[in-house]
Amino acid sequence: MGKQHYQITVNGEAKDILAEPRELLIHTLREQLNITGPHVGCETSHCGACTVDIDGRSIKACTVFTAQVAGKEITTVEGLGEPGKLHILQEMFKEHHGLQCGYCTPGMITRAHRLLQEIPNPTEEEVRFGIAGNLCRCTGYQNIVKSILAAAAVMNASQEAAE
Ligand code: FES
Ligand code: FES
């Protein structure tokens with residue numbers, strides 16, 4: 001079967017994609033749309049470097065065909081902050097040294113973003129379990145976990161202040 005048109009929404013923008021049915025979402029994002037936050041680590045669903053959010057769930061973009069996400073809303077790390085303003089998770093990763101080489105970081109932050117919606121006030125154990133599908137070769141996870149817990153604390157405090 002040849003290329004076909006698919007409509008997907010990425011970071012709030014509708015995109016018309018021409019792709020073969022076998023094209024993986026990670027390749028559509030990086031090569032067609034130039035959205036290079038999601039990284040290719042293993043392409044075998046192990047590392048989580050390619051993690052994106054699809055309709056409110058963390059999904060590894062090397063495990064789905066673009067054809068399967070037609071009509072769905074996809075959020076990548078590029079869609080988390082605002083122009084000129086980092087998301088609080090990005091701020092906390094910066095402040096608490098939650099990254100070294102940075103290769104896992106876009107997937108890790110995108111997963112953490114969804115995790116904090118699933119569990120707004122997680123324990124350390126819940127954070128560690130929640131990011132178990134994302135591998136980091138550099139940090140030993142200590143500072144990643146610290147960054148996510150710090151972001152949760154800031155988000156909860158600002159939520160309480162708003163109430
Ligand atoms: S590149 Fe997708 S899980 Fe590793
Ligand atoms: S910061 Fe290098 S792989 Fe995580």
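## Glu-73 and its partners

Setting aside neighbours up to four places away in sequence, Glu-73 is in contact with Thr-9, Asp-53, Ile-54 and Asp-55. Please keep in mind that this is a predicted model. You will find Glu-73 in strand β5, which covers residues 73-75.

Is Glu-73 buried, partly exposed or exposed? With a relative accessible area of 47%, Glu-73 is partly exposed; the exposed class begins over 50%. Now look for Leu-25: this residue and Glu-73 are 48 residues apart along the chain, and their C-alpha atoms are separated by 12 Å.

Next, follow the loop between α1 and β3 (51-54), where Asn-34 lies. The phi angle of Asn-34 is near 60°, which is a positive value in a residue other than glycine. Asn-34 counts as exposed because its relative accessibility is 62%, and the cut-off for that class is over 50%. Ser-45 is also found in the loop between α1 and β3. Its phi is positive too, near 70°, and Ser-45 is not a glycine either. At 33% relative accessibility, Ser-45 is counted as partly exposed.

Let us go inside the protein. How many residues does the largest nonpolar core have? It has 20, and the ones with the most contacts inside this core are Leu-89, Phe-93, Met-108, Ile-131, Ile-144 and Ile-148. Three helices, α2 (88-95), α3 (105-118) and α5 (142-162), each supply at least two of the core's residues. The biggest contribution comes from α5, which gives six residues.

Apart from this core lies another one, made of 19 residues, including Ile-8, Leu-25, Ile-54 and Ile-59.

Beyond four places in sequence, Met-108 touches Phe-93, Ile-131, Asn-134, Leu-135, Cys-136, Tyr-141 and Ile-144.

## How α2 meets α5

Which way do these helices run past each other? The axes of α2 and α5 come within 8 Å and cross at roughly 135°. That angle makes α2 oblique to α5, since angles have to be over 145 degrees to count as roughly antiparallel. The crossing of α2 with α5 is right-handed.

On the α2 side, the residues that meet α5 are Ile-88, Leu-89, Met-92 and Phe-93. Their partners in α5 are Ile-144, Ser-147, Ile-148, Ala-150, Ala-151, Val-154 and Met-155. Sorted by class, this contact has ten nonpolar residues, one polar residue and no charged ones.

## How α3 meets α5

The axes of α3 and α5 come within 11 Å and cross at roughly 40°. These two helices are therefore oblique to each other, because only angles under 35 degrees count as roughly parallel. Their crossing is right-handed.

From α3, Met-108, Ala-112 and Leu-116 make the contact, and from α5 come Ile-144, Ile-148, Ala-151, Ala-152 and Met-155. What classes do these residues belong to? Eight are nonpolar, none is polar and none is charged.

## How α2 meets α3

To finish the trio, look at α2 and α3, whose axes come within 10 Å and cross at roughly 125°. This makes α2 oblique to α3, and the crossing of these helices is right-handed.

Leu-89, Gln-90 and Phe-93 of α2 meet Thr-105, Met-108, Ile-109, Ala-112, His-113 and Leu-116 of α3. In this contact there are six nonpolar residues, three polar residues and no charged ones.

Conventions. Residues are numbered from 1 along each chain as its sequence is written. Chains are lettered from A and ligands numbered from 1 in the order in which they are written. This is a predicted model: local features need pLDDT of at least 70, side-chain atom pairs count only at pLDDT 80 or more; totals for chains, interfaces and linings use all residues. Side-chain values use heavy atoms; hydrogens and water are left out. A nonpolar core is a set of buried Ala, Val, Leu, Ile, Met, Phe, Trp, Tyr and Cys residues joined through side-chain atoms within 4.5 Å. Buried means under 20% relative accessible area, exposed over 50%, partly exposed in between (1.4 Å probe, protein chains only). Helices (H or I, at least four residues) and strands (E, at least two) are DSSP runs, numbered from the N terminus. Contact means heavy atoms within 4.5 Å. Axes are lines fitted to C-alpha atoms, for helices over the stretch in contact, and angles run from 0 to 180 degrees between N-to-C directions. Angles under 35 degrees count as roughly parallel, over 145 as roughly antiparallel, 65 to 115 as roughly perpendicular and the rest as oblique. A crossing is left-handed if the near helix is turned anticlockwise from the far one by less than a right angle, and right-handed if clockwise. Ala, Val, Leu, Ile, Met, Phe, Trp, Tyr, Cys and Pro count as nonpolar, Asp, Glu, Lys and Arg as charged, and the others, Gly among them, as polar.
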